Amino acid sequence: MRISFEWQNEQKTEQLKNTYGSRGQTIHGGDGRIGTFGNKQTVLDISGKVTDDFGYGNQGGFNERVIQEVGAEEYMHLQRNFNAVMSNSMSGKDFMEMEKEGFDVYSMDPEEAVTILDKIKAELAKSGTQVEGYTDSLSTDKLEQITGSRAYANKIAKALKEADAPVTEENIRQIEAALTQAKALEKPGEGNLAYLAANSMEPTLGNLYKASYSSVNAAGGRGNTGYASGSYGRQGENLQDIRRTQVTDADIAKLESQLKQRVEESGMEASPENMDSAKWLMEKGLSVNKENIELVQTVQDLSFPLDEDILIRQGAQALAEGRSLQSISVTGETTSLYVQAASVYERYQQLPLEASDYAVSAKLSLNLVNMEGYARAEGSFVVQIQARKSLEEVRLKMTVEANLKLLQSGFSIDTAPMEELIVKLDEAARQWEESLFGSSSSLDGSVNKGDLYLQTLRQVEELPRMPVALAGKIPFMENPTLSRVGEEGRLLESRYKAAGESYETLMTAPRKDMGDSIAKAFRNVDDILQDMELELSKENQRAVRILGYNRMEITLENLQLVKEADRQVQDVIEGMKPGLTLDMIRQGKNPMEMTLDELQEYIQEKEGEFREDTGKYSKFLYKLEQQGNITADERKAYIGIYRLFHQIEKTDGAAIGSLIAQGADINLSNLLSAVRSRKAKPTDIRVDDSVGTLQDLKLKGISISAQIEEGFQGIRQSLQQGRSLEQLAEEMERIAGDKQLEEQYAEENLQEIRQILKEDGRQADYLKTYHQPATLDNLQSAGILNGERGKTFQKIRTWEEKFLARQESLAQEEKVFGFLEKAEQFVDKLDQPEERQEAYQSIIEEAGAALEGAVAGLGEEASYVDIKGIQQLYKQLHLASDLSGEENYEIPVRIGEEVTSINLKIIHRAEITGEVKITLETEKLGKVEARFRADLNFLEGSILTQHMDKKDILEAQAPLLTEAITEALEGTKIQLKGILFGENQKLNINHPEENEPVENPDTALLYRIAKEFIAFVRKI
C-alpha cells in the first residue's frame, strides 16, 4: 500500500503523526493549503498493517471487543446453536408445521426460533407423527457419491427421516465422521474406565474417544490406591500421583461390610455383580456410588466394534435434537428427548391422586417412578393432602416444552422429588416466557403474558369442538369477547351433556351417526330455503340448523345474522394461529378481552400486510410454476382468478355481499363487475375517499378484471364453458393444497435458509452491534446492504421504472423516482433533528410503495422469482428503517447516472464529542470511507479510498470540501484541524462501530459535516 504524506511545518507534522500514526497520508489543512514535508514529498510503503482505529476503523479488533462484553459468550453460543439447529435439525415437516401455525421462520430471532422449533418437534412426537417418506433434497446418486455405497447411504437417509432431521450432505458427512471415529475405538482398558469414572463421564462416543487418549495409568490387576469416599477429582489426573497405600485382599475383606453398606446406601442391591464393581472402584481410589457402579458394568458389557446401525440411528437423533454427535450414547438405543418429554407429560397426567398417597404411605420419595408403583400395590392408603396438592401443581405447570428444557439440561424428571420438580418447572416456564416475550412478563402490569398466550391458544383450540348452536347466541351477546364466547360455549356443552344429547360442532366434522340424526331432525331445511327463495347452499342449510338449535324464528334477518356470526367465529378460529397470537400479545393486546369484531379486524389487517400478502402470492406462484401440464393462457387465467379471490377475501366478502343485496347471481362475470366498482383498496390500486369507481383510476399494470377476462376467454374451451366459480375455486385450492408441492416449497426454503447461515460471516456481529435481532431476514438483508452497496436501491429503481413505463397516461415530466426525491429532501434535513427521522421514513415508505406497485403491476407476467426478489428488497428496507433508529442510515443517492447508497453512521465516544463515518461505493470512486471526529475545539477528518487514482480524484477537489466545512463551522468554537487523504488497498467499508454510552450527545455538528461531505461527493 503506497501512501504519500505531505506537509510544510515539521512541528505540525509531528503533531499529526502522533494523532494518526506515521502512515504517510496527504493532509489538507483548514486553510485549504497543501504543503510538503521537509520541502519534499516522502513516500512510505507500509503494505500490510492497519494500526489506527480512526483512519482504518479498527478492522480486526471488533470480535475481541464483542467477546469481552458481558453476555457476549452467551450470545455467541446462542448464535452457534441457532445456526446448527436451523441448518441441521429443522426438517421439511418442521418448516411446514411452523408455517401452518403462523410462524414466519425468517423473521424469528434465534432464541425464539429454537424455542418454537422445539415446541413443533415435541408436538410431533406427542402426536406420534411419522415423517418417513418426506421429499429428499439429495438424490440417491448424490447420496451414493458422498458415502460410496447406495445401501449405506439409504440407511443413513432413512435414519435421518425417521428422526425428523433433514437429509443434507452436511448431516450425512457428520454421521460418517462419527462412524469413522467409532471404528477406531477398542474395548476400554482399566485405565480408560478409571478415567471415565474419575471425571463422571457418561459412555458417549466423544467421551470414550477422549478416554482412549487420556486414560489413568491403572493397567493390569489391582491398583495401588486406597479407598476414596468422595468423588475422584480433576480431569486427566494420574492415579499414581495420588497413590497412598497398597491395597491387599485382607484390606478388602476388612472393608467388605462397609462397602456393602455403601452400595445399599446408593440405592442398589449388594449383588455379587454390584459388589465386584464397587471393589474395583475402591481399589482405584474412585468414589463408590450408583452412577460409577452402573458405568463400570455398562462399559464392561460393551461389544466392539460398536453396532453401526445403532450409531447411525443415535447420530440422526442427536442431529434432530441439535446435539453434537460426540454426545451419542454407545450403550444402545436411547429414546428421543422429544418423545421422553411427551411421555413424561402423559405419565404425570394419567396418575390418580391415590398414587401420591401410596408413595407417602410407603415412605418413598414423592417422584413419578415411585408413584407409578401404585398400580402394583394392594390395599387402600391414607389420603395425603399435601402430596395430592403437589401432584396437582405439577400437572398444572407441566408442559411438553418445559419437560424438554429440563431433559436438555440433564434433569431427571421421573426420579426427581416433586418439590424440586415444581421449582424446576417454574424456572423452565420463566425461561420459555423470556425467550418469547423478553424480560417484560406482564401485560398492563396485571396479566402474565406467558399465561395469557397459553390460555388464548387453549380457548381457540376448544372453540371448534363447541356446539354450532353457539353461533346463534353470538349476535345477541352484549360483549362477545373471546373469553365470553368461550364461557357461553362451555355452558352449552354442559347442557347437552347433562341432557345426554349429541350435538353438531362449530368446525369438526360430525360422526357418521350424528350426520344421520341431523338429516332426520332437519329434513325440511331445503323446503324452508326454497320457500324463502334462497340457494340450497351448505352455508344456508347450516344457518337454518343453527336457528333451529336455538329455537329462533327462521327469517331472512336472522339467517343473515347467524351466517355472519358463524363466518366470523370460523375466521377467528382459522386466523388465531399461535404465531399471530404471539404477535398480538407482544403488541400489548389481550386477545381474551377483544371482541370477535376486533379479532377479525386484526387478523385481516395482519394478513393484508405487504409481507404476508406477497408471501402467500409467491408461494402460489411457486406451486403454479411447478405444474408442468398447464399452458401459458391457463397460467395467466389462474393468476387472475387468484387475484380475484384474494381481492374478495381482503374485502371480507364485500363484493359477494353487494351481489346478494342486489339479488344478482354469484358468478365470475358479476364478481368481476362488483370488484371493479367497489371503493376498496385492492392490491393493484391505491384508492381514497375522493376516488370514484375503478374505471376512473390509473391502474398499476393490467387490471385484475381485464387480466382474468383475457385469460379466461383464451382457455374457455379447455376449462369447459360454463364452469362454475365454485369449480374454479376448488381447482385453485387443489393447486394450493398439493402435498408434494408443499413439500417441495418447504425444501426450497430450507435450502435458502442453509445458504443464508452458510454465508452469515460477520453479519450476526454486525446486527448485535446495532441492537438488531439476528433473524434470517436480517442476516440476509445485512449481507446485501453491506456487501452489495447500493444494489438494494438500484433494484428498487428498476422496478419503479417498470411501473412508470406501464403508466402511459402519465406525462414524461411526471415520471419521477419518488424515493430518490425523498432522499434528497432527507439530506437537506440532516441537520434538523426534529425532522430528520421523519424524512428518512419517507424514503422507506416511498421505496416500499414502489415495490407494492411493482407487484400489482406485474399482472400475468408475475413469477415466483420476481415476487420473491421484491419480498427480499422489502425486507432490506425494513432493516434499513430499523438501523436508522441507531443513527445508522442507508441513504439512496444518484451520483451522475448511477444510483447507489451512502451509509452514514454517528459514533459516540466518551472521550470526544462524537464522530461521523460516511461510506460509499461507486464505479467512478470505488470504495470510499470518510470519518470526521470532533472534540470541544477541533474537527479532524480522514478520507480513504481503495486505489491511489481514486484518492487523487477526491484530493483534487479537497479545497472545495475544506471551504464548505469551514463555512459549516462558522459560529462555533471548533476549528478544522485538517483532512487527511489516504489509500488502503484492503479497505473494508462494512465493519460495524461500537457506540459507548454518552449522556445527551451533541450530534448536530456531525450531521452538518456529513451533509457537506455528501454534497461534495455528488458534485464529483
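Here's a quick briefing, sorted by topic.

First things first: this is a predicted model. The chain has 1020 residues, and 51% of them are buried. Its secondary structure comes to 46 helices and 11 strands.

**The overall picture**

- The chain exposes about 48,100 Å², and carbon and sulfur atoms supply 45% of that area.
- Take the contacts between residues at least 6 apart in sequence: 67% of them join residues that are at least 24 apart.

**Salt bridges**

- The count of salt bridges comes to 46.
- One of them pairs lysine 119 with glutamate 101, where the closest N and O atoms are 3.0 Å apart. Lysine 119 sits in helix H6 (residues 110-127) and glutamate 101 in the loop between helix H5 (92-100) and H6, so this pair ties together parts that are 18 residues apart in sequence.
- Lysine 119 counts as buried because its relative accessibility is 13%, under the 20% cut-off. Glutamate 101 is buried too, with a relative accessible area of 17%.
- Glutamate 393 and lysine 397 form another salt bridge, with 2.9 Å between the closest N and O atoms. They are 4 residues apart in helix H19 (residues 385-397), so about one helical turn separates them.
- Glutamate 393 is partly exposed at 31% relative accessibility, and lysine 397 is also partly exposed, with a relative accessible area of 28%.
- Then there's arginine 542, which forms a salt bridge with aspartate 566; here the closest N and O atoms are 2.5 Å apart. Arginine 542 lies in helix H27 and aspartate 566 in helix H28, so the pair ties together parts 24 residues apart in sequence.
- Arginine 542 is buried, with a relative accessible area of 14%, and aspartate 566 counts as buried at 6% relative accessibility.
- Salt bridges with shared partners also link Glu915, Lys917, Glu929, Arg931, Arg933 and Glu993 into one network.

- On the surface, a patch of negative charge gathers Asp597, Glu598, Glu601, Glu605, Glu609 and Glu612.
- Which helix gives the most to the negative patch? That's helix H30 (residues 596-608), with 4 residues.
- Glutamate 612, another member of the patch, is found in helix H31 (residues 610-626). Its relative accessibility is 35%, so glutamate 612 counts as partly exposed.
- Glutamate 176 is a buried charge: it has no salt bridge, and the nearest side chain of opposite charge, arginine 173, is 4.5 Å away.
- You'll find glutamate 176 in helix H9 (residues 169-183). Setting aside its neighbours within four places in sequence, glutamate 176 is in contact with Ile146, Thr147, Tyr152 and Ile156.

**A buried leucine**

- Leucine 406 lies in helix H20 (residues 400-408). With a relative accessible area of 5%, leucine 406 is buried.
- Not counting residues up to four places away in sequence, leucine 406 touches Phe411, Ile413, Leu421, Lys424, Leu425 and Ala428.

- Phenylalanine 304 and proline 305 are joined by a cis peptide bond, with omega at about 0°. Proline 305 is in the loop between helix H14 (290-300) and helix H15 (308-320).
- Arginine 551 isn't a glycine, yet its phi is positive, near 55°. Look for arginine 551 in the loop between helix H27 (538-549) and helix H28 (556-575).
- Is arginine 551 buried or exposed? At 78% relative accessibility, arginine 551 counts as exposed.
- Glutamate 887 has a positive phi of about 55° as well, and it is not a glycine either. Glutamate 887 lies in the loop between helix H43 (864-884) and strand E6 (888-895).

Definitions and conventions. Residues are numbered from 1 along each chain as its sequence is written. This is a predicted model: local features need pLDDT of at least 70, side-chain atom pairs count only at pLDDT 80 or more; totals for chains, interfaces and linings use all residues. Side-chain values use heavy atoms; hydrogens and water are left out. Patches are made of residues with over 30% relative accessible area and no salt bridge: like charges are joined within 9 Å, nonpolar side chains (Val, Leu, Ile, Met, Phe, Trp, Tyr) within 5 Å. Accessible areas come from the Shrake-Rupley method with a 1.4 Å probe; for residues, only the protein chains shown count as cover. A salt bridge is a side-chain nitrogen of Lys or Arg within 4 Å of a carboxyl oxygen of Asp or Glu. Lys and Arg count as positive and Asp and Glu as negative; His and the chain ends are not counted. The place of a charge is taken as NZ of Lys, CZ of Arg, CG of Asp or CD of Glu. Helices (H or I, at least four residues) and strands (E, at least two) are DSSP runs, numbered from the N terminus. Buried means under 20% relative accessible area, exposed over 50%, partly exposed in between (1.4 Å probe, protein chains only). Contact means heavy atoms within 4.5 Å.
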